[in-house]
Amino acid sequence: MLLSLFLLVGLGAATGLAGDPSGAAAPRSGGVLPFDLPGPAALRAGEAGKKLVFAHYFTPYPLSLDNASAESDYYTRNYLDPAGENGKHQRYGGLLRDRPLPVPPQGGDWEYANLQREVRTARDAGIDGFTLDLLSLSGKNWERAGQLMRAAHAVDPAFRIMLMPDMTALDTDDPAVLAAAVATLAASPAAHRLADGRLVLSPFKAEQKDPGWWSRMLGTLSSRHGIRTAFVPLFLDFDAHSAAFAPISYGFSEWGSRSYAGQEGATADVRRAHELGKVWMQPVSVQDSRPNQGVYDEAGNTATLRSTWSHAIDDGADWVQLTTWNDYSEGSQFAPSLHNGYAYLDLSSYYLTRFKTGRWPPVVRDTLYLTARTQFADTGPTGAQSLVMSLRKGSAEARDTVEVLSFLTRPGTIRTTVGRTVREQQAPAGVHSALVPLGPGISSARLVRDGKATAAVELPYPVDREVPVQDLQYYAATSGRQG
């Protein structure tokens, strides 16, 4: 029943893509955003072009896995359904809680067409490129990586793909094998290179191999394949490994925390990288909820998104990585999704504009962003799920709140309805966060000014005290994309 509700209302009310049942990338102007987003050319020119923003692309979750309609495709049958894949995911209530915004079945090379669509969506949001998570050196994920390289160049030759070998997944200990694979993808004109021609290589969990191993791998790329590199290792523990890796590195990055609490360490990370003469790629995230691992972070509605972007801006990060574009198994996606529409991507475009241009874009359209969970944090599932999620160490405490993040051209009253409870709060011009308690039923919000209701937004997913599976992601909607 929940799946039917998702499919019925997700494409319309949740995303505001009226008249576009395909879920294709909507225009980045025309009134959907609270500000005027500069075009790609402006964001890539001058000083703005030196501040790069990438989104982490996870190959297992493209827009479609089987080119079927959303009502019965692989995501619906096997990943969202707790009994999917012959009950493989029953213990944790299903592999996923959200999915990519559905696209209709199509003829021809539909996989390649869908990858082009994703590149276009990211580009139109102001993103410079993808960091491509290389999970394997053969098979479907490897094939999809090559397709993405081709799709990126076809859509926009200036869209960059930074290669990110995933050292938690790759099964080779031979640096020459990895070098050969990297060289294959590096032959694509979409591969991200510095102005001096060096290929940027940014392995995930680089500390899985020691600096000596990486030196041999980089040396092989140079001697055997003629590829000079700028090495930007991404660590799970930056403090423990930065000094050892500094001699072979152009820059550093870290996967980072997904809760708004504990972000203070980001300031020290950027400072340490710069003191070592390295660029820093700052992780920016929305949230993290992993049913199959039994763990989640308290994102505090949009608090994590705003905090991580603020650190990237205020601490002087050189690059940003949105973690992630589409890893739905972590619930960390910025990409347009069934439950969030374009809300998180739209919000990110606002902060991205400030990061790249050095100026906050003026608010020119009243816009409301509404976020809430569909269940209370301590609600136990009534179905067969036996593994439930608990807070990750270091996370903020769980909370049950509805947030209205308002972008207003001038002050107004925000009227928030949660179930049958109505509250009013005054909001200033600019950006303002207002919280009210979560409650059963549907949540919605309106801007009231001069006695008239204007911008309005509704989350079409009711909150219930009895739920079949645990789902601790924050759902989102925006008045800019509602009909």
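Reader: What makes the link between the side chains of Arg123 and Asp124 a polar contact?

Author: The two side chains come to 2.6 Å in this predicted model. A polar contact is a pair of N or O atoms within 3.5 Å; within protein, one must be able to donate a hydrogen and the other to accept it, and residues adjacent in sequence count only if both atoms are side-chain atoms. The model is predicted, so local features need pLDDT of at least 70, side-chain atom pairs need pLDDT 80 or more, and totals for chains, interfaces and linings use all residues. Residues are numbered from 1 along each chain as its sequence is written, and side-chain values use heavy atoms, without hydrogens and water.

Reader: Why is Arg123 called buried?

Author: Its relative accessible area is 17%. Buried means under 20%, exposed over 50%, partly exposed in between (1.4 Å probe, protein chains only). Arg123 therefore counts as buried.

Reader: Why is the pair of Phe130 and Trp325 called tilted?

Author: The ring centres are 5.4 Å apart, with planes at 55 degrees. Rings of Phe, Tyr and Trp (its six-membered ring) pair if their centres lie within 6.5 Å; planes under 30 degrees apart are stacked, over 60 edge-to-face, the rest tilted. So this pair is tilted. Phe130, at 0% relative accessibility, is buried, and so is Trp325, at 1%.

Reader: What makes the pair of Phe204 and Trp255 edge-to-face?

Author: Their planes stand at 90 degrees and their ring centres are 5.0 Å apart, so the pair is edge-to-face. Phe204 is buried at 11% relative accessibility. Trp255 is buried at 10%.
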